[in-house]
Amino acid sequence: MRANDTRPAAAGSRSMATGARLVAAGSRLVAADLRLVGRDPLLCIMPFVPFLAAIALRLALPPLAAFIAKATGFMLLDYADLIRVVLILFPGTFFGMMSGFLLLDDRDDGVSAYWSVSPVGRSGYLAARLALFCTAALVAGLAVGPAFGLGGRSFAADASVAVVGALQAPFFALFLAAIASDKVEGLATLKALSALDLAPLAVLLPLPARALAWPFPQYWAARLALGASLGPGTGVAVGPPEALGLGLAVSAAWLSFLYARYRRRVD
Amino acid sequence: MIRVRDLRFTYPKGTSEAIRGIDFAVAPGEVFGFLGPSGAGKSTTQKILLGSLRGYSGSATVGSVEASGADSRYRAGIGAAFEFPCFYQKLTGLENVRLFASFYPGPKVDPRPLFERLGLADAMDWRLAEYSKGMRMRLNLIRAVIHRPRVLFLDEPTSGLDPANARVVRDIVRERAADGAAVFLTTHDMAAADATCDRVAFIVDGRIAACDEPAALKRRYGKRAVVVDREPGPEVGAAAGGSAAGASDGASDGASEKTAQAEYPLDGLADDAAFIAELRKPGLLGVRTLDSSLDGIFLRLTGKELV
């Protein structure tokens with residue numbers, strides 16, 4: 001009877017201990033990744049690129065917009081909301097690139113294979129790395145909007161875009177590690193993927209051309225921030241919550257597909 | 001500690017079995033050498049035991065746990081050193097060892113004495129990019145043993161090492177075994193296998209062709225005879241009861257071409273007058289048995305030369 005009484009408590013403390021061990025192991029992996037990034041000059045610069053771009057645009061865009069308006073009558077600052085979306089999505093791309101190159105390095109050096117025979121396991125190692133860069137992308141995404149300082153409808157809209165953007169970090173990381181054979185191929189893959197940064201601009205296109213961007217979360221990030229309907233003639237209105245849901249769903253589908261490709265490649 | 005029964009495995013795209021029903025066991029404190037040519041099934045067997053390859057038939061257990069169910073607890077009891085050492089290039093040797101060790105539960109060995117013993121004391125704080133292949137191999141061993149694993153998987157642990165460092169590596173492996181670890185060692189280095197292993201198995205085309213203690217195998221595949229090496233002279237060839245000895249399984253490899261040899265059967269050797277007479281003649285260089293060598297056995301069982 002007494003043993004029965006203590007069993008749930010013992011099981012609870014065991015699962016707490018397991019949880020604490022997982023957190024500790026994850027922290028050590030994250031610390032190792034931070035050290036690796038800190039010792040690579042290129043990777044060191046990457047986290048600051050979205051901020052540098054945001055500050056440069058903050059300073060350059062108003063005089064540039066005034067010049068263009070005077071010369072052509074085109075009001076560039078009318079699109080500040082959209083530019084803000086593209087900038088908030090940037091950290092996901094850059095942190096994903098960093099994570100992807102680390103994964104490529106590990107795959108080429110055989111380190112990922114070694115993790116698979118350690119208590120961490122390949123999944124634990126991958127989860128810690130992707131979680132680190134995803135979290136970093138989210139924090140940076142939230143900070144980039146205020147750094148840009150132009151456009152923006154609400155904090156909720158910025159935060160939603162930052163969430164979708166953060167999921168692009170594992171997307172880029174897994175895409176690089178699953179598709180590229182080495183770092184050179186990785187750079188070429190990145191060039192092709194950089195076109196996705198422009199996917200939000202598809203909101204400006206008429207249907208059916210706009211539909212080409214539907215499979216990409218970046219497009220749905222723009223939709224949720226701008227909050228407009230799909231456009232005349234579709235009969236379907238997409239509000240911010242639906243756009244956020246579609247952005248997350250499309251991201252999840254891509255991540256599942258790329259994770260399966262990555263596992264096939266490294267197993 | 002390790003038990004393999006009727007193990008069979010076919011790769012998903014393979015047309016035939018890579019492992020064709022092998023059986024063996026490795027006890028705690030035993031160094032078990034797994035020898036064979038490339039593609040024979042050594043690495044496949046090791047990957048199955050490490051829990052990296054699933055979908056096999058038969059049984060492969062480490063500490064009574066089936067390898068197909070390998071989880072973090074299973075892997076925590078294992079130490080592994082792959083043939084190609086893999087480390088973080090931007091971390092130092094000591095940082096690498098400490099990072100990997102930090103994920104294993106329980107007490108760890110102090111790495112510094114191991115660095116010193118393996119001649120890496122000065123390189124402890126060098127980044128891995130500055131390590132030579134031999135240095136990485138030695139670091140590979142440190143990482144594998146640092147958490148005192150109950151089972152140690154070593155793939156070519158002496159590859160690329162000079163004889164002095166290879167000896168230290170063999171000593172450390174023997175010490176781990178003396179401490180109770182079961183060691184599964186795959187290698188092409190027959191001298192290392194002979195010097196380190198309690199038992200060896202030769203795997204050929206996915207099957208174990210022979211498995212026993214090195215000394216027993218050498219006797220089984222050798223010849224029960226001794227050879228007397230002498231400086232050449234007119235009387236050697238006419239040695240009564242003896243015969244001109246030929247090389248057997250590489251056992252005579254060390255003899256000079258100019259050395260005269262006479263062979264005598266081991267049975268009744270003490271009463272063999274011709275043998276005694278041979279020993280009394282001038283120009284005696286040495287007497288050796290015609291045990292086989294592991295190199296010779298490898299060649300005989302696999303039909304392939306070691307490179």
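Let me begin with chain B, where buried residues make up 51% of the 307 residues, and let me say at once that what we are looking at is a predicted model. Chain B contains 10 helices and 14 strands, and its C-alpha atoms fill a box of roughly 70 × 50 × 35 Å when the box is taken along the principal axes. If we take the contacts in chain B with a separation of 6 or more, residues 24 or more positions apart account for 69% of them.

Now chain A. Here there are 11 helices and zero strands, and 46% of the 267 residues count as buried. Among the contacts in chain A between residues at least 6 apart in sequence, 73% join residues at least 24 apart. Chain A exposes about 12,500 Å², and carbon and sulfur atoms supply 72% of that area. Part of the surface of chain A is a nonpolar patch of about 450 Å², made by F74(A), Y79(A), L198(A), L201(A) and L204(A). Of these residues, I would point you to L201(A), which is found in the loop between α9 (183-193) and α10 (217-226) of chain A; with a relative accessible area of 35%, L201(A) is classed as partly exposed, because that class runs between 20% and 50%.

Let me turn to the interface. The size of an interface is often given as the accessible area lost when the parts come together. For chain B and chain A that figure is about 2,200 Å², with 63% of it on carbon and sulfur atoms. In chain B, the residues that lose the most area to chain A are Y88(B), K90(B) and F103(B), which together make up 33% of what that side buries. The contact takes 22 residues from chain B and 24 residues from chain A.

On the side of chain B that touches chain A, the elements that give two or more residues are α2 (72-76) and α3 (93-101) of chain B. One salt bridge to look at joins the side chains of R35(A) and E95(B), at 3.8 Å from N to O.

Over all chains, a search of the whole structure finds 23 salt bridges. Which residue of chain A meets R129(A) in a salt bridge? The partner is D106(A), and the two side chains meet at 2.7 Å, N to O. This pair links distant parts of the chain, with R129(A) in helix α6 (residues 121-148) and D106(A) in helix α4 (residues 80-109), 23 residues apart. Both R129(A) and D106(A) are buried.

In chain B, by contrast, let me show you pairs with partly exposed members. R8(B) forms a salt bridge with E17(B), the closest N and O atoms being 3.1 Å apart; R8(B) is partly exposed at 30% relative accessible area, and E17(B) is partly exposed at 28%. The side chains of D194(B) and K218(B) also meet in a salt bridge, at 2.9 Å from N to O. Because D194(B) lies in helix α7 (residues 190-196) and K218(B) in helix α8 (residues 214-221), this pair ties together parts that are 24 residues apart in sequence. D194(B) is partly exposed, with a relative accessible area of 30%.

Q168(A) is found in helix α8 (residues 168-179) of chain A, and it counts as buried because its relative accessibility is 2%, where the cut-off is under 20%. Its side chain makes a polar contact with the side chain of S251(A), at 3.4 Å. Leaving out residues up to four places away in sequence, Q168(A) touches G92(A), P217(A), Q218(A) and S251(A).

In chain B, H147(B) is found in the loop between α5 (133-145) and β7 (151-155), and is buried, with a relative accessible area of 5%. A polar atom of the H147(B) side chain lies 2.8 Å from the backbone oxygen of I78(B). With residues up to four places away in sequence again left out, the residues that H147(B) touches include A76(B), I78(B), Y104(B) and K108(B).

Notes. Residues are numbered from 1 along each chain as its sequence is written. Chains are lettered from A and ligands numbered from 1 in the order in which they are written. This is a predicted model: local features need pLDDT of at least 70, side-chain atom pairs count only at pLDDT 80 or more; totals for chains, interfaces and linings use all residues. Side-chain values use heavy atoms; hydrogens and water are left out. Helices (H or I, at least four residues) and strands (E, at least two) are DSSP runs, numbered from the N terminus. Buried means under 20% relative accessible area, exposed over 50%, partly exposed in between (1.4 Å probe, protein chains only). A polar contact is a pair of N or O atoms within 3.5 Å; within protein, one must be able to donate a hydrogen and the other to accept it, and residues adjacent in sequence count only if both atoms are side-chain atoms. Contact means heavy atoms within 4.5 Å. Accessible areas come from the Shrake-Rupley method with a 1.4 Å probe; for residues, only the protein chains shown count as cover. Patches are made of residues with over 30% relative accessible area and no salt bridge: like charges are joined within 9 Å, nonpolar side chains (Val, Leu, Ile, Met, Phe, Trp, Tyr) within 5 Å. A salt bridge is a side-chain nitrogen of Lys or Arg within 4 Å of a carboxyl oxygen of Asp or Glu. Buried area is the accessible area (1.4 Å probe) that two parts lose on being put together, summed over both.
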